[in-house]
Amino acid sequence: MSQNYVEARQVSKRFGQHQVLNQIDLTLPAGMIYGLIGPSGAGKTTLIKNILGMEAVDGGTVQVMGVTMPNRPVMAKIGYMAQSDALYETLTGRENLTFFGQLMSVPKAKLQQMIAYTARLVNLTTQLDQRVSGYSGGMKRRLSLAIALIQDPPLLVLDEPTVGIDPELRQQIWAELNKLKATGKSMLVTTHVMDEAERCDYLMLIRHGVALAQGTPTELKRRYQVETIEQVFLKAGRLQDANNGNY
Ligand SMILES: Nc1ncnc2c1ncn2[C@@H]1O[C@H](COP(=O)(O)OP(=O)(O)OP(=O)(O)O)[C@@H](O)[C@H]1O
């Protein structure tokens with residue numbers, strides 16, 4: 001597919017007097033892990049919601065797979081993992097996966113296969129028949145990730161996917177995200193964790209609703225002449241403050 005999965009142009013959003021996003025450009029081609037990094041309140045979730053069509057933009061345009069959002073058929077091609085888990089607590093993990101799989105019209109035979117695959121991926125196979133109300137926070141996060149993957153979507157939008165997940169499983173999940181990428185899928189991932197930022201193919205550093213810098217992790221470190229993405233962020237943030245007169 002030559003078409004980009006996501007093309008956001010000059011996206012702006014305000015809530016009342018608060019300008020939450022300011023002329024953001026984002027292009028996500030096939031086969032890429034795109035990281036959105038920035039502090040709490042920077043506007044990452046709002047940008048994701050604008051891309052998914054869950055919130056209307058005030059300025060600019062968003063297209064997903066060449067279609068202006070919101071669009072139901074395109075929504076079905078996106079695996080979305082929100083920041084807060086939306087799970088049925090009284091159902092088991094398997095019942096949740098079955099429910100969301102059916103909602104996404106996954107064929108019956110494939111659904112069993114996808115439940116087994118996604119549960120294995122997030123290391124929940126042995127707890128799959130327990131009620132979600134008894135799951136820990138990390139287990140709920142992992143089940144949400146499995147649900148995002150249940151319809152085998154070409155595009156995944158993952159808002160803080162590894163919060164509450166221990167380092168070993170986090171490594172496994174990143175390894176799997178890379179495998180999914182190798183099959184041509186793309187991922188838009190938000191994170192606060194700087195070592196996760198280093199694992200992305202391309203990054204947008206976002207602060208006060210402005211894209212501070214965009215590029216591959218290597219390009220960004222070279223451009224700012226620093227060793228880590230965290231240092232890129234600090235340096236770019238200081239430049240933003242200086243330009244805004246906030247010394
Ligand atoms: N529906 C809303 N109404 C009013 N203000 C909102 C709304 N949604 C978000 N905001 C504000 O917009 C700003 C950006 O929020 P957003 O959730 O996009 O940030 P974020 O970068 O995702 O932060 P975090 O990492 O904590 O999730 C915040 O100041 C938030 O309070």
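Predicted model: local features only at pLDDT ≥ 70, side-chain atom pairs only at ≥ 80, totals over all residues.
## The annotated span

UniProt lists residues 6-233 as "domain: ABC transporter", in an unreviewed entry. The span is 37% helix and 27% strand. Its end C-alpha atoms lie 24 Å apart.

## Around the ligand

Which residues surround the ligand? They are Phe15, Val20, Gly38, Ser40, Gly41, Ala42, Gly43, Lys44, Thr45, Thr46 and Gln83. By class, the shell has 7 polar, 3 nonpolar and 1 charged residues. Helix H1, residues 44-52, gives the most to this shell, with 3 residues.

## Lys44

Lys44 lies in helix H1 and belongs to the residues around the ligand. Is Lys44 buried or exposed? The cut-off for buried is 20 or more other C-beta atoms within 10 Å. Lys44 has 26 within that distance, so it is buried.

Leaving aside residues up to four places away in sequence, Lys44 touches Leu36, Gly38, Thr190 and Ile206. Tyr135 is 91 residues from Lys44 along the chain, and the C-alpha atoms of the two are separated by 27 Å.

## The antiparallel sheet

An open sheet is formed by 4 strands, in the order E2-E1-E4-E5, with antiparallel pairing. Strand E2 (18-28) and strand E5 (67-68) stand at the edges. Each has a single partner strand, so one side of each is left without a neighbour in the sheet.

Strand E1 (residues 6-15) and strand E4 (residues 59-64) are joined by 5 bridges. They run antiparallel. Ser12 stands opposite Gly59 in E4.

## The parallel strands

Strands of a sheet pair through backbone hydrogen bonds, either parallel or antiparallel. Strand E3 (residues 33-37) runs parallel to strand E8 (residues 186-191), and 5 bridges join the two. Gly35 has Val189 in E8 as its bridge partner. E3 also runs parallel to strand E9 (residues 202-207), through 4 bridges. Here Tyr34 stands opposite Tyr202.

Strand E7 runs parallel to E8 as well, with 5 bridges between them. Leu156 has Met187 in E8 as its bridge partner. Another 4 bridges join E7 to E6, again in parallel. There, Ile78 has Leu155 in E7 as its bridge partner.

How many of the 5 residues of E3 are buried? The count is 5 of 5. Ile33, Gly35 and Ile37 are on one side, with Tyr34 and Leu36 on the other.

E7 is likewise mostly covered, with 5 of its 5 residues buried. Leu155, Val157 and Asp159 point one way, while Leu156 and Leu158 point the other way.

## Helix H5

Helix H5 covers residues 137-149. At 1.5 Å a residue, its 13 residues should span 18 Å. Its end C-alpha atoms are 19 Å apart, which agrees.

H5 is mostly covered, since 11 of its 13 residues are buried. Among them are Met139, Leu143, Leu145, Ile147 and Leu149. Lys140, Arg141 and Arg142 are buried too. What do the buried residues of H5 pack against? Their partners are strand E6 (78-81), strand E7 (155-159), helix H3 (93-103), helix H4 (108-121) and helix H6 (167-182).

Key
Residues numbered from 1 in each chain as written. UniProt positions renumbered as here; feature names shortened; annotations may be inferred. Near = placed C-beta within 6 Å. Nonpolar A, V, L, I, M, F, W, Y, C, P; charged D, E, K, R; others polar. Expected span 1.5 Å × (residues − 1). Buried ≥ 20, exposed ≤ 12 C-beta atoms within 10 Å, placed from the backbone. Contact = placed C-beta atoms within 7 Å. Pairing = 2+ DSSP bridges.
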